[in-house]
Amino acid sequence: MAATFQGQDKVLATAQRIVQSLGNNSSDTEDMLLILSAFDNRLSNLSSFVSSDENPSSSAAAADAAAAAAESNPLDPRFLEAERVILNDAYSTEYSDEYLLAVDEMIQLTEECNLNAVEAGDVVMDRAVVALQIGMTRLEEEFRHVLIQNTVPLDTDRLHRSSLSSSAAALAIAATEFFNDDASESLDDLSSGRYSRHSHGRGVSFGGDDMSLELIHPDAVIELREIADRMIRSGYEKECCQVYCNVRRDVLDECMAILGVEKLSIEEVQKIDWRTLDDKMKKWVQALKVVVRGLLSSEKHLCEQIFAGSDLIKEVCFLEASKGCVMQLLNFGEAVAIGKRSAEKLFRILDMYDALDQVLPDLQELFMDEDAGDMVCSEAKGLLDGLGDAAIGTFVEFESAVQGETSRKPLPNGEIHPLGRYVMNYTKLLVDYRGTLNSLLENVEAESGQQARETTDNNADVETLSFIARRMSALITSLESNIEEKSKMYDDAALQYIFLMNNILYIVQKVKDSDLRKLLGDNWVKKRRGLVRQYATQYLRASWSKVLSCLKDEGIGGSSSNASKVALKERFKNFNACFEDIYRMQTAWKVPDPQLREELRISISEKVIPAYRSFLGRFGSHLESGRHAGKYIKYTGEDLEGYLLDLFEGTPLILHHLRRKNS
């Protein structure tokens, strides 16, 4: 796209011939010298070519030659008038329609005369060259001025801003704290159930696709197109494109800054702390659609309006103006994709993947007409693949972290372990990305299927599960195995089963109350509920067998009529001690689920209370008539029923001060 008239030496030579052609008309010569020297200070030395003192004979000869040329080729009045307007208004601060008409006239005359075919010494061509250059310089500055003055600032209030849910953000922060052995109380908030799929939605939602932005005031577009048309017709398309690209590139850079996207190298991104990086990743997701579907789409439309006369020029201008901001976004994405993998990044990486996947077709349509545009699309597709690999790699590292979490500090009351809370809330949120994860896992089908079959339980339906369902099942199975190992840290077998019941039931509830149930199926839930009941039976056996053994007839010396009082005193004494010990310990134990807590109390009551009442009815009379009967028969059946209601509340209580009076 080189200009038709090139070469500074040619311009200088042309200017010399124009001045010489003015001959002896000193007034016209001086005016022309002022105009030309203002146009380019190198032309200020042209006075030497008309100085009669230095070379009078040559000046006279030039004047005679010019006069002869003028007589033989009289200049077109239209040419003279157009030249006058262009030269006189070349540096005027006012811009008039007359100036454009003069430029049009000059272009038309040069086209009619086919100036390219005229000999280089022709006076008309020489003067037209300078006039057009002066005119194009004036139009170039006007083009820049109109572009800058009529730019519409980016209105952030109009943009639809979407962000990752507060639950996922809090969970991502908690991930760092948990795997650094600093479990956060925010996990309790996450487990409260107030963060549901309906409250936070998918990781990122772009809403409608109508994001048309006004980049230039509409009235100015017409003026810009008129200037561009004339510069292109005159062969100054290169200069026109340079002005457009420089101005618009700066405007788009400013828009990127408004959207919160900074220019950072890959090394700088990888040095940023997680909380700051999390904010930048969120802004990247928000900015991507605004840039592609808003700014770039509107930028391309602007190019099509201004450079409507040339498909090549409008494509080149769009590419050069917009390529920088696209590459800025892609470079940040690449830095994230190749950065250190950690569980807290997964949601943001998936958001970035989804965002890029959604706008990639738009990007390909915007940059489809140039080789350099193909490079932009290729880079974007490469980043999409990189983010996908990073997401799967991060998910695998999360699985490994769950399997390898080895905290050895048991919770004193057997409550839900922070690992269970964290993993299930994390998994519950991951289900919102099941479509994305499932498609990504298809690329590692063999590995996914192998791992699922090796690590999940013997679920007969495992082969019918989707890829993501298999991985979720395997992940939860790993969690269950870890929970089972942690239960062994308790010396009290009964507390082990309380811990297992609490944690397995928590897992079941998280699955049942979310879309995880659709992935894993009702049979999965049913099997875990059966496991909870099994743990409850084992708890009763481990905790209350000793108490119930005190209420058996064996070893008390015969039937109820001739039972040994000494043996009976020992039995009641042992029962009281066992019950009080259990009461003291198990009032401190915590069963958060009210239904499970009530079911356990009922199960205990059904086993203990009837056995106690029966034993008391058969043998109580042997002691009630004696001295200190209240020392041995301390509780009625109703007393015990009331005390059982205190169990599993997480508040330790003591019964030693309670005594029945002698009847």
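## Salt bridges

A salt bridge is a side-chain nitrogen of Lys or Arg within 4 Å of a carboxyl oxygen of Asp or Glu. E315 and K300 form one, with their closest N and O atoms 3.6 Å apart. E315 lies in helix α14 (residues 311-337) and K300 in helix α13 (residues 274-306), so this pair ties together parts that are 15 residues apart in sequence. Helices here are DSSP runs (H or I, at least four residues), numbered from the N terminus. This is a predicted model, in which local features need pLDDT of at least 70 and side-chain atom pairs count only at pLDDT 80 or more, while totals for chains, interfaces and linings use all residues. Residues are numbered from 1 along each chain as its sequence is written, and side-chain values use heavy atoms, with hydrogens and water left out.

Are E315 and K300 buried or exposed? E315 is buried, with a relative accessible area of 11%. K300 is buried as well, at 9%. The cut-offs are simple: buried means under 20% relative accessible area, exposed means over 50%, and partly exposed is in between (1.4 Å probe, protein chains only).

## More charged pairs

Side chains of opposite charge can pair when their charged atoms come close. By the salt-bridge rule, the count comes to 29. One of them joins K323 and E320, at 4.0 Å from N to O. These two residues are three apart in helix α14, which means about one helical turn separates them. K323 is partly exposed, with a relative accessible area of 24%. E320 is partly exposed too, at 31%.

Another salt bridge links E649 and R597, with the closest N and O atoms 3.6 Å apart. E649 lies in the segment after α27 and R597 in helix α25 (residues 594-624), so the pair ties together parts that are 52 residues apart in sequence. E649 counts as partly exposed, at 33% relative accessibility. R597, at 14%, counts as buried. Elsewhere, salt bridges link E140, E141 and R144 in a network.

## Aromatic pairs

A pair of aromatic rings is described by the distance of the centres and the angle of the planes. Rings of Phe, Tyr and Trp (its six-membered ring) pair if their centres lie within 6.5 Å; planes under 30 degrees apart count as stacked, over 60 as edge-to-face and the rest as tilted. How many aromatic pairs does this rule give? The count comes to 18. F347 and Y426 form a tilted pair, at 4.8 Å centre to centre and 55 degrees between the planes. F347 lies in helix α15 (residues 346-366) and Y426 in helix α17 (residues 418-430), so the pair ties together parts that are 79 residues apart in sequence. F347 is buried, with a relative accessible area of 1%. Y426 is buried at 0%.

Now take Y539 and F648. Their ring centres are 5.9 Å apart and their planes are at 70 degrees, so the pair is edge-to-face. Y539 lies in helix α23 (residues 522-549) and F648 in the segment after α27 (637-644), so parts that are 109 residues apart in sequence are tied together. Y539 is buried, with 0% relative accessible area. F648 is also buried, at 0%. F648 has a positive phi of about 70 degrees, although this residue is not a glycine. Ring pairs also build a cluster: W544, F575, F579, Y583, Y612, Y635 and Y643 are linked in this way.

## A positive patch

Which residues gather in a patch of positive charge on the surface? They are K565, K569, K573 and K631. A patch is made of residues with over 30% relative accessible area and no salt bridge, and like charges are joined within 9 Å. Lys and Arg count as positive, and the place of a Lys charge is taken as NZ. Accessible areas come from the Shrake-Rupley method with a 1.4 Å probe.

Helix α24 (residues 565-586) gives the largest share of the patch, three residues. K569 has its place in helix α24. K569 counts as partly exposed, at 31% relative accessibility.

## A contact across the sequence

S473 is found in helix α20 (residues 467-487). At 1% relative accessibility, S473 counts as buried. How far apart are S473 and L519 in sequence and in space? They are 46 residues apart in sequence and 8.7 Å apart in space, C-alpha to C-alpha.

How values were computed:
Patches are made of residues with over 30% relative accessible area and no salt bridge: like charges are joined within 9 Å, nonpolar side chains (Val, Leu, Ile, Met, Phe, Trp, Tyr) within 5 Å.
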